[in-house]
Amino acid sequence: MEEKENRTNKKINIKTDTRKSKSAPRKQPKKAKQVVKKPAPEVKVIPLGGLGEIGKNMTAIEYENEILLVDCGLSFPDDDMFGIDKVIPDFDYLVRSRKNIRGLIITHGHEDHIGAIPYLLKELNVPVYGLRFPLGLIENKLKENGLKCDFHVIQAGKEFRVGRYFTIEPVRITHSIADSVCYSIKTPAGRIFHTGDFKIDYTPVDGNPIDFARLAQIGSEGVTLMMADSTNVVRPGYTQSEMVVGETLEVIFRRSRKRIIIATFSSNVHRIQKIIDIALQCGRKVAISGRSMVNVVELARELGYIKIPNNKLIDLNRAGNIPDKELVVITTGSQGEPMSALARMASNDHKAINIRGNDMVILSSTPVPGNEITVSNVVNQLVEKGAEVIYSDIAETHVSGHACQEELKLMHSLIRPKYFMPVHGEARHLQTHADLANELGMPRENIFILNNGDRLTLSAKGASKQEKVAEAEGIFVDGLGVGDVGNIVLRDRRLLSESGLIIVVAAIDKNAGMIISGPDIVSRGFVYVRENEDLIDAACERAESIIIECLAKNVKDWNGIKTAVREGLRKYIYGKTERSPIILPIFMEV
């Protein structure tokens with residue numbers, strides 16, 4: 001019994017000892033890891049051209065340190081841009097971000113979408129992605145400028161990647177030029193859909209209709225932002241098919257026994273092919289006139305977009321040997337450009353073709369806004385020479401390449417974007433397109449009208465218009481000069497065109513305080529000197545008195561004397577004529 005108690009105590013003691021022996025500290029529970037939420041991806045859309053204007057289309061899409069460019073076009077000068085040849089986007093923002101630019105994708109080959117690419121490539125080395133025909137047109141431009149580029153030929157319906165973040169699918173669209181596409185662009189902040197320029201043509205000349213099924217599928221997959229062409233949004237209804245022009249031209253060709261000269265856009269290879277087909281059906285041969293027309297036709301034949309037997313395409317210099325009823329001349333100059341082939345024909349300056357009474361001239365175009373007067377002048381010259389002139393007011397010789405309201409409604413209904421930004425149009429076009437989207441059910445707060453240089457930010461949180469991030473005023477190209485003509489120079493050119501120039505010339509000995517010779521006045525564009533000798537003599541006397549007065553006051557600064565003469569003459573001449581010519585004093589020190 002005693003032994004049993006001892007055993008029991010021993011067990012208890014052991015158990016007790018065991019508890020006491022646990023001297024190691026208890027393990028602290030692990031703290032939960034703090035999950036740092038990454039900010040939602042933000043994609044920035046920055047239009048650099050094409051908003052509030054027709055032409056100069058260019059957009060930058062930016063995510064983190066990568067930029068994707070869509071198109072790089074030019075616009076043509078307004079009437080108040082004296083001497084300016086073309087206007088291109090301001091590339092300053094891109095030059096500052098040159099390391100981030102991953103590529104340039106092209107929607108189609110019109111000048112307002114590719115015309116500024118040579119100027120961009122002089123500043124930046126950017127790979128260019130596009131279908132075969134627009135890349136061919138760009139390559140011709142680069143050859144003229146002695147430039148090279150990293151071209152990537154893409155195919156409609158096949159995705160490709162630019163950089164790490166942009167997955168792009170070109171989808172075939174119909175427009176007034178071959179190989180036109182819209183783009184579905186997948187970004188970290190959602191899909192962006194860019195229509196490019198388009199119309200909905202159910203019977204296109206090349207037999208390649210719009211891929212409606214894919215457009216609807218893209219809409220079902222979800223589109224965060226759509227940017228859509230607004231050029232024809234003010235026109236109700238539908239744009240007519242290119243087939244309408246073909247039918248009209250066929251009737252005209254079959255009825256005529258005259259020599260036919262037809263002017264159209266050189267880039268519209270589908271229409272050129274249709275003209276060739278009709279000419280061959282009517283037993284006529286074809287000659288090509290105009291440098292750009294010749295270049296585009298050669299390129300299109302090489303790529304297979306234009307087909308004509310060699311024995312039916314004749315050299316323009318041999319056109320005089322072909323009977324009138326057997327000849328069609330396809331030429332440039334549908335916009336009345338002063339140096340175009342048609343304008344030179346109308347003024348008898350063309351080396352091979354002179355307009356005569358047995359000619360029929362067809363303008364297969366409508367004047368671009370601003371060109372109405374120049375087109376009318378060419379038409380009047382042609383009529384005065386006895387030619388029969390047919391243009392869009394008389395017959396359906398042209399249809400637009402841009403979607404009207406009902407076609408735009410269809411595009412909106414297929415894509416069903418969450419947000420919308422109208423592009424490619426003047427302020428009235430953008431606002432009308434915004435109203436149209438709102439009528440289709442899109443909330444006003446989801447529609448964004450931007451100016452060039454603004455920023456639209458897209459993220460999972462939504463879309464918002466941000467402050468201007470880039471200067472996007474147009475850069476003027478005058479001859480070989482790019483950007484060296486600004487508002488001050490244009491103002492001077494405007495003044496010269498309105499009131500002319502007066503040059504005041506004098507030789508002065510400042511030390512002696514004497515006028516050695518002059519002042520003499522030369523007038524250019526102000527008045528005819530021989531018929532206004534009294535005014536010129538009085539102006540000389542006025543200039544002389546101002547110079548003498550300055551010398552008497554011991555004014556030694558040339559700028560001070562010039563300013564005094566300029567201001568004094570300006571007041572005197574305005575008082576006598578109510579004109580304000582530019583006054584340019586030129587003084588020589590003896």
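Is Ser-184 buried or exposed? Ser-184 counts as buried, because its relative accessibility is 2% and the cut-off for buried is under 20%. Keep in mind that this is a predicted model.

Confidence first. The protein chain has an average pLDDT of 86, and 88% of the residues reach at least 70. Residues 1-23 are another matter: pLDDT stays under 50 there, and the model gives this stretch 0 contacts beyond four places in sequence. Where pLDDT is low, the predicted coordinates should not be read in detail.

**Around Ser-184**

Back to that serine. Ser-184 sits in strand β10, which covers residues 181-187. Setting aside neighbours within four places in sequence, Ser-184 touches Thr-167, Ile-168, Glu-169, Arg-191, Ile-192, Phe-193 and Ile-218. With Arg-191 there is a polar contact, side chain to side chain. As for Thr-167, 17 residues separate it from Ser-184 in sequence. Here are the distances for those two partners of Ser-184:

| Pair | What is compared | Distance |
|---|---|---|
| Ser-184 and Arg-191 | side-chain polar contact | 2.8 Å |
| Ser-184 and Thr-167 | C-alpha to C-alpha | 8.2 Å |

**The nonpolar cores**

Now for the greasy parts. The largest nonpolar core holds 63 residues, and Leu-94, Phe-133 and Ile-330 have the most contacts inside it. Helix α8, residues 269-281, is the top contributor to this core, with 6 residues. Take Leu-94: leaving out neighbours within four places in sequence, its contacts are Leu-48, Met-58, Leu-69, Ile-101, Leu-120 and Leu-124. There is also a second, separate core of 32 residues, with Tyr-129, Val-162, Ile-192 and Val-423 among them. Ile-192 has come up already, as one of the contacts of Ser-184.

**An eight-stranded sheet**

On to the strands. An open sheet of 8 strands runs in the order β7-β6-β5-β3-β2-β1-β20-β21, and its pairing is mixed. At the edges are β7 (151-153) and β21 (462-466), each of which pairs on one side only. From one strand to the next, the twist averages 20°.

Look at the β7 end. Strand β6, residues 128-130, runs parallel to β7 and is joined to it by 3 bridges. Opposite Gly-130 you'll find Val-153 in β7. Helix α5 (residues 132-144) packs on the sheet here, touching both β6 and β7, and its direction makes about 160° with that of β7.

Definitions and conventions
Residues numbered from 1 in each chain as written. Predicted model: local features only at pLDDT ≥ 70, side-chain atom pairs only at ≥ 80, totals over all residues. Heavy atoms only, no water. Core = buried A, V, L, I, M, F, W, Y, C linked by side-chain atoms within 4.5 Å. Buried < 20%, exposed > 50% of the residue type's maximum accessible area, 1.4 Å probe, protein only. Helix = DSSP H or I, 4+ residues; strand = E, 2+ residues; numbered from the N terminus. Contact = heavy atoms within 4.5 Å. Pairing = 2+ DSSP bridges. Axes fitted to C-alpha atoms, helices over the stretch in contact; angles between N-to-C directions. pLDDT = per-residue confidence, 0-100. Polar contact = N/O pair within 3.5 Å; in protein donor to acceptor, adjacent residues only side chain to side chain.
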